[in-house]
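Biologist: Please take me through this model step by step, giving the cut-offs behind each term as you use it.

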Amino acid sequence: MVVLALLVPSLMLGVVLMLGRYEDVLLPPVRPPEEPVESGPGRLGRRSGGTRT
């Protein structure tokens with residue numbers, strides 16, 4: 001029982017350290033947030049049926 005009490009925490013510490021070392025391999029890459037697309041005066045997304053003035 002004493003051996004188990006000493007073995008389990010050291011094994012758990014080893015697993016945590018190993019996961020931290022290979023974190024970049026296990027997790028997907030972080031993508032930067034996309035910038036919003038600015039719409040110009042001619043980019044309304046739909047065409048109006050009226051006449052131009």
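Biologist: Which helix gives the most to the nonpolar patch?

Modeller: This is a predicted model, in which local features need pLDDT of at least 70, side-chain atom pairs count only at pLDDT 80 or more, and totals for chains, interfaces and linings use all residues. Residues are numbered from 1 along each chain as its sequence is written, and side-chain values use heavy atoms, with hydrogens and water left out. Helices are DSSP runs of H or I with at least four residues, numbered from the N terminus, and both α1 and α2 (23-26) supply at least two residues of the patch. With three residues, the largest contribution comes from α1.

Biologist: How many of the 20 residues of α1 are buried?

Modeller: Buried means under 20% relative accessible area, exposed over 50%, and partly exposed in between (1.4 Å probe, protein chains only). Val-15, whose place is in helix α1, is partly exposed at 42%. Helix α1 lies largely in the open, because the number of its residues that are buried is zero.

Biologist: How far apart are the end C-alpha atoms of helix α1?

Modeller: The expected span of a helix is 1.5 Å times one less than its number of residues. For the 20 residues of α1 (residues 2-21) the span should therefore be 28 Å, and this agrees with the end C-alpha atoms, which are apart by 29 Å.
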